[in-house]
Amino acid sequence: FQPNVENIGLEAAGVELTDRGNIAIDGQMRTNVPHIYAIGDVATDYRLAHIASAMGIIAAETIADHETVELDFQMMPRCTYSVPQVASFGYTEAQAKEAGYEVNVGQFPFMANGKALGLGEREGFVKIVSDAQYGEILWAHMVGPDVTELMPELTLAHNAELTAEEIARNVHAHPTLSEVLMEAAHGVEGEPIHI
């Protein structure tokens, strides 16, 4: 999948492209040409509507000279709406190790979750990787029922620099699918409860 950047006047305007064919932008979605901004599929390798929307908000805030943030594209949620669903964000375990992190890993299957069993959807798991030194969540990968709905708890935890222990200690209602997050977080700390 390539961004559709041909024949839209970018060359004439002097807008630069990356070596991957995307419109080159900075952290506020500005191109190299003043007053030209780019968001979404033409400006990132992460071609997902929720990322484009977040980029649009940052561009609008920048244009309005309003305080804004920069996106860490590596930490954006990536979701596949299939059966079962797939969701992830952050570094893979191998990428975290390559980046110099010592990691702790916790994994928990939906097969051991009461809500998943009640729904008849026992396939899948949640895997969480955290930094062994500080407990920061570096990556999560989930396969299973409604995991795209579970992702915000983990991305919020990452953004707020919560640890796996803090997720594990947060009381999750029973029976819910979100208990799998709690159990995987317990697993990161080496103390899974229900397996």
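Rings of Phe, Tyr and Trp, the last by its six-membered ring, count as a pair if their centres lie within 6.5 Å. With that in hand, welcome to this predicted model, where a search of the whole structure turns up 2 aromatic pairs.

**The stacked pair**

- Tyr46 and Phe73 are stacked, with 6.2 Å from centre to centre and 5° between the planes.
- This pair links distant parts of the chain, 27 residues apart: Tyr46 sits in the loop between helix H1 (10-13) and helix H2 (49-63), while Phe73 sits in the loop between H2 and strand E1 (78-80).

**The tilted pair**

- The other pair joins Tyr91 and Tyr101, whose ring centres are 6.1 Å apart; their planes meet at 45°, so the pair is tilted.
- Tyr91 belongs to the loop between strand E2 (85-90) and helix H3 (93-98), and Tyr101 to the loop between H3 and strand E3 (103-109), so the pair ties together parts that are 10 residues apart in sequence.
- Tyr91 is partly exposed, with 25% relative accessibility, and Tyr101 is partly exposed at 27%.

**The largest pocket**

- The largest pocket holds about 250 Å³ of space.
- Its lining is made up of 13 residues, and those nearest the centre are His50, Met76, Pro77, Thr155 and Asn159.
- Which helices each supply at least two residues of the lining? They are H2 and helix H5 (147-159), and H5 gives the largest share, with 5 residues.
- Sorted by class, the lining has 9 nonpolar and 4 polar residues, and no charged ones.

**Helix H2**

- H2 runs for 15 residues and spans 21 Å from its first C-alpha to its last, close to the 21 Å expected at 1.5 Å a residue.
- The buried residues in H2 are Ile51, Ala52, Met55, Ile58, Ala59 and Thr62.
- Why do the buried residues of H2 line one face of the helix? Seen down the axis of H2, they fall within an arc of 120°, so they line one face.
- As background, an α-helix has 3.6 residues a turn, so residues three or four places apart point the same way.
- After H2 comes Asp65, which has a positive phi, near 55°.

Notes. Residues are numbered from 1 along each chain as its sequence is written. This is a predicted model: local features need pLDDT of at least 70, side-chain atom pairs count only at pLDDT 80 or more; totals for chains, interfaces and linings use all residues. Side-chain values use heavy atoms; hydrogens and water are left out. Rings of Phe, Tyr and Trp (its six-membered ring) pair if their centres lie within 6.5 Å; planes under 30 degrees apart count as stacked, over 60 as edge-to-face and the rest as tilted. Helices (H or I, at least four residues) and strands (E, at least two) are DSSP runs, numbered from the N terminus. Buried means under 20% relative accessible area, exposed over 50%, partly exposed in between (1.4 Å probe, protein chains only). On a 1 Å grid over the protein atoms alone, a cavity is a set of points where a 1.4 Å probe fits but cannot get out, and a pocket is an open set with protein on both sides within 12 Å along at least five of seven lines; lining residues have an atom within 4 Å of a point. Grid points are joined across faces, edges and corners, and a volume is the space filled by probe spheres set on the points. Ala, Val, Leu, Ile, Met, Phe, Trp, Tyr, Cys and Pro count as nonpolar, Asp, Glu, Lys and Arg as charged, and the others, Gly among them, as polar. The expected span of a helix is 1.5 Å times one less than its number of residues. The arc is that of the directions from the helix axis to the C-beta atoms.
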